[in-house]
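Here is a short report for a reader meeting this structure for the first time. Have a look at the chain, then read on.

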Amino acid sequence: ARDEKRGNAAVSELNKQLLRPKFHQLDIDDLESIRKFRDFLKSSYGGLDVLVNNAGMAYKHNSTAPFGEQAEVTVKTNFFGTLNVCKELFPLLRPHARVVNLSSMCGMLQRIPGEELKKKLNNPNITLEELCSLMEQFVQAAKEGKNGEKGWGNSAYNASKVGVTVLSFIQQREFNADPREDLVVNAVHPGYVDTDMTSHRGPLTPDQGADAPTYLALLPPNIDSPKGEFVWNDRTVTPWDK
């Protein structure tokens, strides 16, 4: 959590359930905060076995913020913030580590209207540099009022979560070439959950929304699938481009 007060309050509630979590402040928009968290993990535990990238944000439908601003802020947090966490924490991953990137049904390819963009995003050999460039192009197009014309559609959240999905595929390719054994990353749609971000409109409880991410975080050693895939909230591997 970014807010230490809320984080410590959550720990207190979990302690009542006889759980013993530890809290550490983390703001994924702040590189210094990410690095402090990295150093804490390294000094306290020496490495990392599970990383769940759950932090994210979305503007409300009735937001009056200019769309260019919405695009910049949303992509900064949901895509580049997640990427920065991965860059700093991936060196700590131990063999057999599991990474779960919280995407969304909004992170599926069909959410992008432009056919040329779809081809670029669905290229199995797309590089991280190319993906970052596409995310930056979306933000620039939004600022210029050309996001529709350029094939991005009208949702900053969709664009950011498509970025997270494709990022997961790229990361698994990198893991496959990593000397550390059996590193696995997946993107997951947790379902429409009753949270602050959905204005409590989602039909699923937080526990139900946590089911698929928890399943992916605890995948057994040397599993063949799901591995570098898009997983639905019922735990099924789902083609992201359908």
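## The domain interface

Domain 1 and domain 2 bury about 1,100 Å² between them, and carbon and sulfur atoms give 65% of that area. Buried area is the accessible area (1.4 Å probe) that two parts lose on being put together, summed over both. Three residues of domain 1 stand out. Ile28, Asp29 and Arg38 supply 46% of the area that domain 1 buries against domain 2, more than any other three residues.

The model is predicted: local features need pLDDT of at least 70, side-chain atom pairs count only at pLDDT 80 or more, and totals for chains, interfaces and linings use all residues. Residues are numbered from 1 along each chain as its sequence is written, and side-chain values use heavy atoms, with hydrogens and water left out.

## Two domains

Domain 1 covers residues 1–46, and domain 2 covers 47–231. These bounds come from an automatic or database domain assignment. Taken over C-alpha atoms, the domain centres are 22 Å apart. Domain 1 brings 12 residues to the contact, and domain 2 brings 14. Contact here means heavy atoms within 4.5 Å.

## What crosses the interface

Two salt bridges are found across the interface of domain 1 and domain 2. A salt bridge is a side-chain nitrogen of Lys or Arg within 4 Å of a carboxyl oxygen of Asp or Glu. Five residue pairs, both residues at pLDDT 80 or more, are in polar contact across the same interface. A polar contact is a pair of N or O atoms within 3.5 Å; within protein, one must be able to donate a hydrogen and the other to accept it, and residues adjacent in sequence count only if both atoms are side-chain atoms.

Which helix gives the most to the side of domain 1 that touches domain 2? Helix α2 (residues 31–45) does, with eight residues. Helices (H or I, at least four residues) are DSSP runs, numbered from the N terminus. By class, this side of domain 1 has six nonpolar, one polar and five charged residues. Ala, Val, Leu, Ile, Met, Phe, Trp, Tyr, Cys and Pro count as nonpolar, Asp, Glu, Lys and Arg as charged, and the others, Gly among them, as polar.

## Salt bridges around Arg38

The structure holds 13 salt bridges. Arg38 pairs with Glu88, their closest N and O atoms being 2.6 Å apart. Arg38 also meets Asp39 in a salt bridge, at 3.0 Å from N to O. Arg38 is partly exposed, at 23% relative accessible area. Asp39 is partly exposed too, at 40%. The cut-offs are under 20% relative accessible area for buried, over 50% for exposed, and partly exposed in between (1.4 Å probe, protein chains only).

## Other pairs

Glu116 and Lys119 form a salt bridge, with the closest N and O atoms 3.5 Å apart. Both lie in helix α4 (residues 115–121), three residues apart, about one turn of the helix. Glu116 and Lys119 are exposed. Elsewhere, shared partners join the salt bridges of Arg35, Arg38, Asp39 and Glu88 into one network.

Glu72 is partly exposed, with a relative accessible area of 39%. Glu72 forms a salt bridge with Lys143, at 3.0 Å between the closest N and O atoms. This pair links distant parts of the chain, 71 residues apart: Glu72 is in helix α3 (residues 67–89) and Lys143 in helix α5 (residues 128–143).

Key
Helices (H or I, at least four residues) and strands (E, at least two) are DSSP runs, numbered from the N terminus.
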